[in-house]
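Hi everyone, thanks for coming.

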Amino acid sequence: GYGRGTVFVMLLILALAAGIAVRKCGDKDGKDAGGKKTAETPTAAGSKKDADKKETAEKETVMQNMKKEPFTNSIGMKFVYIPPGTFMMGSPGTEKMRVGDGRERQHRVTLTRGFFMQTTPVTEKQWMSVMKTRGKYNLGDDYPRTMVSWNQAREFVAELNRKEGTALYRLPTEAEWEYSCRAGSSAPFCFGDDESRLSEYAWYREHRTERVGADGTKTLMSPVGLLKPNAWGLYDMHGNVQQWCQDSYSIPSGDDVADPVSDDGNLRAVRGCSFSCAYFICRAAFRDHKPSDGYAIDRGFRVARSAE
């Protein structure tokens, strides 16, 4: 048999082993042997908090990125996200063929909110889908819808909002239009200042093609999106048809501004070049203006959409 001392040592070892097992079992669910919840160590608590914070931030980033993804609406209008930013609107005094009556006075503009811009001017098919009417000419589905006044462009936007169940569609402001046209460029054109490359991006007087529309009408206008887009995925910004903007027309003061828009007066801002304009009008800084009830065969519009 075992001596008393040996038995005592064996019992002590068994008791210690049982205590360790109980503690381990309690550790699994964060409770001690008595069933009471144990407090996490500061390091563990901090790590869990950091992990939760990171997970939340990642989810928010995913949601924000989803809001910035290009999209196509119910009638086939394609939009790309334009990020907020600061740029020099207008042209420097040294820019070739600059209009010097003050309309292109250079000034710093900050757009504090991102937005979506339609990748092309509104087409005949898109107009028909919303307004249920055809224009004077029926050139074809993919031709820009022209012969539209500023007032009629606004009616289209209102109908589009009703159709889509939102209030976010609108005409772009003039600052948004130029910022989008430049796509990060400070040169006369989105691709730089090499005029020989303009024909890759724009239709204008010196670069146009006679076509025959679906109704047999001869035209110098081209279907949208046939040439290169700028770096932000926008087509026909430098040429094909001129485009209405939201703003009323005014001469800039030259002061730095944020999110500029003016909405008084009958003269409305028109941007971009058309198939009937000389090449220098294709410059990103060129500005024009027309009465809000006026229309022309070479003037259309594109739509913007607020991001929130």
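Beyond its neighbours within four places in sequence, F156 is in contact (heavy atoms within 4.5 Å) with M77, V122, Q126, W127, V130, M131, F301 and V303. F156 lies in helix α4, residues 150-164; helices here are DSSP runs of H or I with at least four residues, strands are E runs of at least two, and both are numbered from the N terminus. F156 counts as buried because its relative accessibility is 0%; buried means under 20% relative accessible area, with exposed over 50% and partly exposed in between, using a 1.4 Å probe and protein chains only.

A quick word on the source: this is a predicted model, where local features need pLDDT of at least 70 and side-chain atom pairs count only at pLDDT 80 or more, while totals for chains, interfaces and linings use all residues. Residues are numbered from 1 along each chain as its sequence is written, and side-chain values use heavy atoms, leaving out hydrogens and water.

Now, how many aromatic pairs does a search of the whole structure find? There are 12, counting rings of Phe, Tyr and Trp (its six-membered ring) with centres within 6.5 Å; planes under 30 degrees apart are stacked, over 60 edge-to-face, the rest tilted. Take Y81 and F116: their planes are at 70° and their centres 5.5 Å apart, so this pair is edge-to-face. Y81 is in strand β2 and F116 in strand β5, so the pair ties together parts 35 residues apart in sequence.
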